[in-house]
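Open your viewer and keep the selection tool ready. We will go stop by stop.

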Amino acid sequence: DVAASGAEPGGLGEEDTSLRQYWYSASTLRLLCDLCSREDLKCVALLSTPSIFYALPPEARSKVWLLEFDRRWEIGNDRFAFFDFNSPVEELPQHLRGVCDLIVADPPHINLATLERYVEAMRMLQAPGGRLLLTTAADNEQWVAGELGAFPAAFVPKISLALGVMGRYRIFTTFRDGALTAKNEEDFPAGSAGGAAEDSDGAEEDYAWSLGMVDHPL
């Protein structure tokens, strides 16, 4: 029931670690909600990122869809669509295929087999010219660049998973945005693990994008 699930109707509730659910920090949520709220976006798909959906103000959710395996967020939510990354992408909602301007995904596992399924889903949902944003372990950078054409942002996200707490998570995007170039000093002050990872002042990000812009064979 709702009480046992840890979520009241209209609320996020607690993490279910058996489903590998880990919420973003407040600082990270502010950034991701800002990106999802841009006026030029008509349709946003959130794959396995309920903490973003419930951090958005209600008026901003009208163009956002939460695609999620955990059905507790289906209760009283007409912007919910069931999503199982192990199912064929042809089972994704017909009305969302090829129309999403921004797709944000946070896979429950960091192994490549899981990432491959999420990339397939993101491609199926993506509108022509649509933006893609993926959060995963920093160690997956080369694979993400080659398979998704996405590069790490200077902003280091924090999630409750140990890798995220240590600053070993990254935001990978197929687009550039000024908000992504800011350092996450709230979660990772200078001298901390994440802060040290950000000390390049965006030089590594610029270099990665320069490679992508010339279609470098990663």
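**Stop 1**

A word before you go on: what you are viewing is a predicted model.

Zoom in on the two side chains. Arginine 30 and glutamate 186 meet there in a salt bridge, at 2.3 Å from N to O. This pair ties together distant parts of the chain, 156 residues apart. Arginine 30 sits in helix α2, which covers residues 26-36. Glutamate 186 sits in the loop between β7 (169-173) and α7 (193-197).

How many salt bridges does a search of the whole structure find? The search finds eight. Two more of them come next.

**Stop 2: arginine 38 and aspartate 34**

Select arginine 38 and aspartate 34. They form a salt bridge, and their closest N and O atoms are 2.6 Å apart. Is arginine 38 buried, exposed or partly exposed? Arginine 38 is partly exposed, with a relative accessible area of 24%. Aspartate 34 comes out at 34%, so it counts as partly exposed too.

**Stop 3: arginine 71 and glutamate 74**

Move on to arginine 71 and glutamate 74. Their side chains meet in a salt bridge, with 3.0 Å from N to O. Arginine 71 is partly exposed at 43% relative accessible area. Glutamate 74 has 36%, and is partly exposed as well.

**Stop 4: aspartate 101**

Select aspartate 101, in strand β4 (residues 100-105). Why does aspartate 101 count as buried? Its relative accessibility is 19%, and buried means under 20%.

Now show what surrounds this residue. Set aside the neighbours within four places in sequence. Aspartate 101 is then in contact with these residues:

- Leu41, Lys42 and Cys43 are among them.
- Ala127, Gly130 and Arg131 are also among them.

For a last check, use the distance tool on C-alpha atoms. Pick aspartate 101 and alanine 45: their C-alpha atoms are separated by 8.2 Å. Along the chain, these two residues are 56 residues apart.

Methods:
Residues numbered from 1 in each chain as written. Predicted model: local features only at pLDDT ≥ 70, side-chain atom pairs only at ≥ 80, totals over all residues. Heavy atoms only, no water. Salt bridge = Lys/Arg side-chain N within 4 Å of Asp/Glu carboxyl O. Helix = DSSP H or I, 4+ residues; strand = E, 2+ residues; numbered from the N terminus. Buried < 20%, exposed > 50% of the residue type's maximum accessible area, 1.4 Å probe, protein only. Contact = heavy atoms within 4.5 Å.
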